[in-house]
Amino acid sequence: MPLTEPTQSGVALPAEAVADAARSGAQTAPAPGVPAAPRLHSELFYFAFRNWKFVLGSAVVLACVAIAIVGPWLTDHPPLAFDGPTDQPPSSEYWFGTTSYGQDVYSQFVHGLRAAFLVGGLGGGIAWVLGVGVGFTAGYRGGWIDDVLNMLTNVVLVIPTLAILIIVAAYLQVQSYTTEAVIIGLTSWPWAARAVRSQTFSLKTREFVEVARLSGRSTRQVIATELAPNMSSYLLMTFILLFGGAILIGASLDFLGLGPSESISLGLMMNNAFLASALLLGSWWWFLPPGLGIVAIVGGLYVMNVGLDEVFNPKLREL
Amino acid sequence: MTRYLARKVVIYLLTFFVAVTIDWAIPRFMPGDPIEGLLSRMKAQPGATEELTGYYSHAFGFDVPLWQQYLNFWAALLHGDLGRSIANFPTPVSELIMGALPYTLALLIPAILLSFWAGNKTGALAARRKVLDNTVLPASYVLTATPQMWLGIVLAWLFASTWAIFPVSGAYGLDVQPQWSLEFALSFLHHWILPFSALFLVAFGGWAIGMRNMIIYELESDYSNYLTALGAPSKLVRKYAYRNALLPQITGLALALGAVVAGAIVVEIVFSYPGLGTLTLSAIQNRDYFLIQGIFLFLITGVLIANFVIDLVYVVIDPRTRVGMQGGS
């Protein structure tokens, strides 16, 4: 099924995965049970590189990664130093112009990209580990463990992530992007847990899982060697969506001024630009790049994800 | 049906309980003394500091045992007492929130409903239609990946700053008073369009993608194939597919509520729209902790109520929930 997520910034992608129960799953199961074989891998690569969505999405994301890695070396201006002329449009010296405080926008942008990848990777990673862990455990063990975990998931799911982040960040005084990423990771896992749980439910009644269980292997072994490999595409896509979601939430937090104030991020750039009335001054070079950076990364990830969905699930490939 | 709703209500009550507990626990168990930390950051005048320390220790109720503090917190809450705002001392927090709430709702409710309706219709239209699919889909992906505040900034820059078609901030003109008059309504609408559009467009993208994907699955399913084989016109097949695809979308609506609320908060800030978002920002900037905590509880209560409304809608449209089967999720 199309794995989509209620991203934090927008309504975004309705979490269809969560709706499995409503549809009793059966008729739309995406065939996760195909064992991975070498031949299949090359076939997957073949379809992946023929799929324009996957190619385009991953190209955009990789380009952003490259800019984030290389970009800071190409400028002599530290992102937060007030050492340039103020309110300059883009020029050969200041590629993206300067802020009202004389800071180099290009330098802020490339450092902001780094922060975005840190928050996305770490925050999304933590959410992924929690979501997958809870989902597998609940789905595979069932019974009271499932009841308890399901209750926990539902409770965390209903509480708006940003609301809880606002109150935590307000008291905690977030000092680093690592802290911010951890807070985001701890609050954004529930939909992933539900998605993985419902997948596990439909997979655990298959014969090969029964055989593995009868052979006396422990729960962890069965999950690691039988269930996870057969859901690898699903798990990969879950991570991609969590990654993008974490970047969007992080940007909102930074925009509210609840992120680290000692370093720069894309959200903080927007916050600074907004508070300095860049809008009214018409300093488009200040507030356009951070948003475009986020749209490029997150949009690239989403488009890549649809591409992957079509690669893994032949039914979806364009006719 | 009763069982289905009862289960939901239990979860919502539990969530509310957890939320209140978090709200109570965070200032008390965070590292450092909250009152001292608060006042050192507030740079209050010397005389005011003493008074505020007194107010805070009393308001937090630190002088009684922990369990009693917790009970007192609940008691105050159930009486609608969320404490007093520091920045606007001595206005009660609940009064500030009530003043801001109508503006937030005026943005949120139309944005949620209209984007859901338009997004689903568009997504259903685009599915399995090559040209539409290849235009609507990429546009939707860009929209749904856009941070709302940035879209708000861009809209304000284009339509308010560059071409002065719409006002750049506020909820109504300075020349009118909030009242039931045509003049006010027009001014309100004029100010409302840009922030609404920012929320609407981002949400629209998400629903269009979701519906497009769902309806493709429905069109692949056995009942669709069977219907087509019987010679039913494709319009009819799509109609049934749409109905079935709508169910998970409604579940998605419940899940997306938190995200839309978050979007409204940041968009309001961009347009200085006098709702809960702008109130949140000023509370954060002034370190007005009781106000932050009050807004937190209010947002969660609102989301819980909206969730319950969606559950009721679900009971109406999904017959399985009514006959005791496990519909919904």
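Helices (H or I, at least four residues) and strands (E, at least two) are DSSP runs, numbered from the N terminus. This is a predicted model, in which local features need pLDDT of at least 70, side-chain atom pairs count only at pLDDT 80 or more, and totals for chains, interfaces and linings use all residues. Residues are numbered from 1 along each chain as its sequence is written, while chains are lettered from A and ligands numbered from 1 in the order in which they are written. Chain A has 14 helices and zero strands, and chain B has 13 helices and zero strands.

**Confidence in chain A**

- The pLDDT is the predictor's confidence in each residue, from 0 to 100; its mean over chain A is 78, and 85% of the residues of chain A reach 70 or more.
- Within chain A, helix 4 (residues 105–141) has the highest confidence, at a mean of 90, and helix 1 (residues 20–23) the lowest, at 36.
- Residues 1–36 of chain A have a pLDDT below 50, yet this stretch has 148 contacts in the model beyond near neighbours in sequence; two residues are in contact if their C-beta atoms, placed from the backbone, lie within 7 Å.

**Burial and contacts by chain**

- A residue is buried if 20 or more other C-beta atoms lie within 10 Å of its own, exposed if 12 or fewer, and partly exposed in between, with C-beta atoms placed from the backbone.
- Of the 319 residues in chain A, 56% are buried; of the 329 residues in chain B, 44% are buried.
- In chain A, 72% of the contacts between residues at least 6 apart in sequence join residues at least 24 apart.
- In chain B, 71% of the contacts with a separation of 6 or more are between residues 24 or more positions apart.

**The largest nonpolar core**

- A nonpolar core is a set of buried Ala, Val, Leu, Ile, Met, Phe, Trp, Tyr and Cys residues joined through C-beta atoms within 7 Å.
- The largest such core has 187 residues, and Ile166(A), Leu199(B) and Val260(B) have the most contacts inside it.
- Helix 10 (residues 234–270) of chain B gives the most to this core, with 21 residues.

**Helix 4 of chain A**

- Helix 4 of chain A is largely enclosed by the rest of the structure, because 31 of its 37 residues are buried.
- Gly142(A) follows helix 4 of chain A and has a positive phi, near 65 degrees.

**Helix 6 of chain B**

- Helix 6 (residues 130–144) of chain B has 15 residues and reaches 21 Å from its first C-alpha to its last, close to the 21 Å expected.
- Its buried residues are Val136(B), Leu137(B), Ser140(B), Tyr141(B), Leu143(B) and Thr144(B).
- These buried residues fall within an arc of 155 degrees seen down the axis of helix 6 of chain B, so they line one face of the helix; the arc is that of the directions from the helix axis to the C-beta atoms.
- The buried residues of helix 6 of chain B pack against helix 14 (284–312) of chain A, and against helix 5 (93–126) and helix 8 (182–220) of chain B.
- Val131(B) and Thr135(B) are exposed, on the face of helix 6 of chain B turned away from its buried side.

Terms used: The expected span of a helix is 1.5 Å times one less than its number of residues.
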